[in-house]
Amino acid sequence: MQLQRRAQPWLGTLLEISLRHADAAAGAAALQAGFALVARLQGELSRFEPDSDIARFNALPPGQDLTLRPAAQHVLAVAAWLRNRSGGAFDISQGSGCRGWTLARGRLCKTEAGTHLDLGGIAKGYVVDRLIAQLRRAGCAWGAVNAGGDLRVFGPLPLPLYLRDEHHGGLREIGSLADGAFASSYYGPDSRSRLTGAAPGLDVQVAVAAPSALWADALCKLVALGLEGQSALLDRLRALAWTWHVDPAV
């Protein structure tokens, strides 16, 4: 079967969908449907999209609530569970009000003034999982989705894994991935990723392998913080983690 691959800018990064399908026309249709799904989910989950559930929440006055669409319900339920399990370390408010929101029966309530949410630390993984599920339903024999380091693959062919050398450039191969998810992040003085609650001077690269991209994406933040109880959480979610403390002199 022919490899079909396409990449487009979404979710603040370059999102690549790769697949193998016995019917090339059906494969092309699956690629097109995949990017249509990404467009819809970005419109529902990104704080930068004015009609998203997150942007509408951020505009609410305290004491008001709104009804969420299913995607936001799922992601926020996971975020709330991780927040509670980590003692507030997993914070999608980025310090503006970790306990300033509640979720109940599909409704999101703002309980503290000034609370703003950002799903940048978890939504990419969710979108990757949704894309993989859609590729399976479309009859693809193999598929992979990579959203800027949030990666998931299914099917008989393993995919090589590479990590970026954050200080010296280039990539290094660290293994391969089959039927699973992998996420990596770098948190340092010059990194784009920000980590609420991190110690000053933190300079670390982390990677997590998990059954789903959502968990791999979200757990990267908690692994970078080095929390007590982290091992139990990883075991419960059947995840593995690696950390590299970066030394620019090496």
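Biologist: Which residues does Leu119 touch, not counting residues up to four places away in sequence?

Modeller: Contact means heavy atoms within 4.5 Å. By that criterion, Leu119 touches Leu45, Ile54, Val75, Leu76 and Ile92, not counting residues up to four places away in sequence. Please note that this is a predicted model, in which local features need pLDDT of at least 70 and side-chain atom pairs count only at pLDDT 80 or more, while totals for chains, interfaces and linings use all residues. Residues are numbered from 1 along each chain as its sequence is written, and side-chain values use heavy atoms, with hydrogens and water left out.

Biologist: How many residues has the largest nonpolar core?

Modeller: In soluble globular proteins, nonpolar side chains tend to be buried together. A nonpolar core is a set of buried Ala, Val, Leu, Ile, Met, Phe, Trp, Tyr and Cys residues joined through side-chain atoms within 4.5 Å; buried means under 20% relative accessible area, exposed over 50% and partly exposed in between, with a 1.4 Å probe and protein chains only. Here the largest core has 63 residues, and Leu119 and Trp101 are among those with the most contacts inside it. Helix α5 supplies the largest share of this core, 10 residues. Helices (H or I, at least four residues) and strands (E, at least two) are DSSP runs, numbered from the N terminus.

Biologist: How many aromatic pairs does the structure hold?

Modeller: Rings of Phe, Tyr and Trp (its six-membered ring) pair if their centres lie within 6.5 Å; planes under 30 degrees apart count as stacked, over 60 as edge-to-face and the rest as tilted. The structure holds 2 such pairs. Trp81 and Trp215 are edge-to-face, at 5.7 Å centre to centre with 75° between the planes. Trp81 belongs to helix α3 (residues 70-85) and Trp215 to helix α5 (residues 213-225), so this pair ties together parts that are 134 residues apart in sequence. The other pair, Phe182 and Trp242, is tilted, at 6.4 Å and 45°. Phe182 counts as buried at 6% relative accessibility, whereas Trp242, at 37%, counts as partly exposed.

Biologist: Over which ring does the charged end of Arg83 sit?

Modeller: A charge sits over a ring if NZ of Lys or CZ of Arg is within 6 Å of the ring centre and within 35 degrees of the ring normal. The charged end of Arg83 sits over the ring of Trp101, 4.3 Å from its centre. Likewise, the charged end of Lys110 lies over the ring of Phe57, 4.9 Å from the ring centre.
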